[in-house]
Amino acid sequence: MLVSSSARFQMLWHFLTNLQEVILGTKLVVLFPAIPLAIAADYYKFGRPWIFALSLLGLTPLAERVSFLTEQIAYFTGPTVGGLLNATCGNATELIIALFALYQNKIHVLKYSLLGSILSNLLLVLGSSLLCGGLANLKREQRYDRKQADVNSLLLLLGLLCHMLPLMFRYAIGEGTATDCSTLQLSRVSSIVMLIAYVAYIFFQLKTHRQLFDAQEEEDDDEEEKAVIGFWSAFTWLAGMTIIIALLSEYVVGTIEAASDSWGISVSFISIILLPIVGNAAEHAGSIIFAFKNKLDISLGVALGSASQISMFVVPLCVVVAWTMHIRMDLDFSLLETGSLAFTIIITAFTLQDGTSHYMKGLLLFLCYIVIAACFFVHKIPQNQISEGKPFTGLFSA
């Protein structure tokens, strides 16, 4: 009896310790009450804009805590695998929102949110990191390894090519049913190529050229940080939070048009600017902290790695999943969106070409993001274009 009571006490103590680290160990803990409020608002049929706002607030601490939990798991898996896991789980919010948008045939919302995530990582996260890092290290030059940045830049340029070809094809051939089918087929082939390229990148990162990506972790060796919770505890918390993220993501996707109408803000602005800021909260905070410590290789790895994963894995994966669901989703993101993506990738590539950084580079990237945000703030699309993807018959048919 005494042993059983002691075991229960130990389990309770273990749970409370984990609760302290996972839930109370973040400054965003004040936003956690938004999660039950969002669920209650949906249950009692409150206004849909309220459900959207509460869900968005609830996703913010969840995205940050998912990053924390993957970092804890990384202590047991090694730095390179852990970094890859961190990038993957760091994009879990965007991926889940994209899948729910796909399930509800809201193709514009899906495309906008993924495009916004790439823009946010390359301009907002990277730009503010270089800006803050430059201001914090005014008296010394900040340097980083160009090799890793070059690999990610090439991946992003390949992704840009795959996004531009369907758009250019449509403008070259003209509108029509045959053009739509050809654009869809081209997008699916391009998506398969992008996935192959990303798998090759993973093999390159984890096997043949692992030293390029391990180099950025060597700077942290002297800090000797340790995990604060166990592997299985972190994994259990991660699974639970992923389920809650999925629930809130369903609320967000289902109420985004109502929030847009109520607030007078375009769906494009909400999807491209607001959703990615919430989803990238963890990357944003972590990248700035590393830049402050003059560890730009890690900051670049976070921002560029996340952008590359969205562009080369999440986007083509959604196209393939839509293909299996008999939904027409292509890589044509329209002229304004694709143009914004092209200039973002080109500007970022030019910014990172010399291997050094200062606050002016970060400021210019940040200002580019402000201009693009202003553009989509005034960009309106008809509500009847939000759900463009239509189910069709015939497995893997055009």
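Which residues does Arg170 touch, not counting residues up to four places away in sequence? Arg170 touches Glu175, Thr179, Thr183, Asp332 and Ser334, where contact means heavy atoms within 4.5 Å. This is a predicted model, in which local features need pLDDT of at least 70 and side-chain atom pairs count only at pLDDT 80 or more, while totals for chains, interfaces and linings use all residues. Residues are numbered from 1 along each chain as its sequence is written, and side-chain values use heavy atoms, leaving out hydrogens and water.

**The whole protein**
- You will find 15 helices and two strands here; these are DSSP runs numbered from the N terminus, with helices being H or I of at least four residues and strands E of at least two.
- Of the 398 residues, 51% are buried, and the cut-offs for relative accessible area are under 20% for buried, over 50% for exposed and in between for partly exposed (1.4 Å probe, protein chains only).
- Taking contacts between residues at least 6 apart in sequence, 86% join residues at least 24 apart.

**Arg170**
- Arg170 lies in helix H7, which spans residues 146-173.
- With a relative accessible area of 16%, Arg170 is buried.

**Helix H2**
- Ala34, Ile35, Ala38 and Ala41 are buried in helix H2 (residues 34-43).
- These residues sit on the same side of H2, because they cover an arc of only 125° around the axis; the arc is that of the directions from the helix axis to the C-beta atoms.
- The cover over the buried residues of H2 includes helix H3 (48-77) and helix H10 (231-263).
- After H2 comes Lys45, which has a positive phi near 60°.

**Where H3 meets H11**
- The axes of H3 and helix H11 (residues 267-279) come within 8 Å and cross at roughly 40°; axes are lines fitted to C-alpha atoms, for helices over the stretch in contact, and angles run from 0 to 180 degrees between N-to-C directions.
- H3 and H11 are therefore oblique to each other, as angles under 35 degrees count as roughly parallel, over 145 as roughly antiparallel, 65 to 115 as roughly perpendicular and the rest as oblique.
- From H3, Phe52, Leu56, Leu59, Thr60 and Ala63 meet Ile270, Leu274, Leu275, Val278 and Gly279 of H11.
- By class, the contact of H3 with H11 has eight nonpolar, two polar and no charged residues; Ala, Val, Leu, Ile, Met, Phe, Trp, Tyr, Cys and Pro count as nonpolar, Asp, Glu, Lys and Arg as charged, and the others, Gly among them, as polar.

**Cysteines**
- The structure has zero disulfides, a disulfide being a pair of cysteine sulfur atoms within 2.5 Å.
- Cys318 is buried at 0% relative accessibility, whereas Cys375 is partly exposed at 28%.
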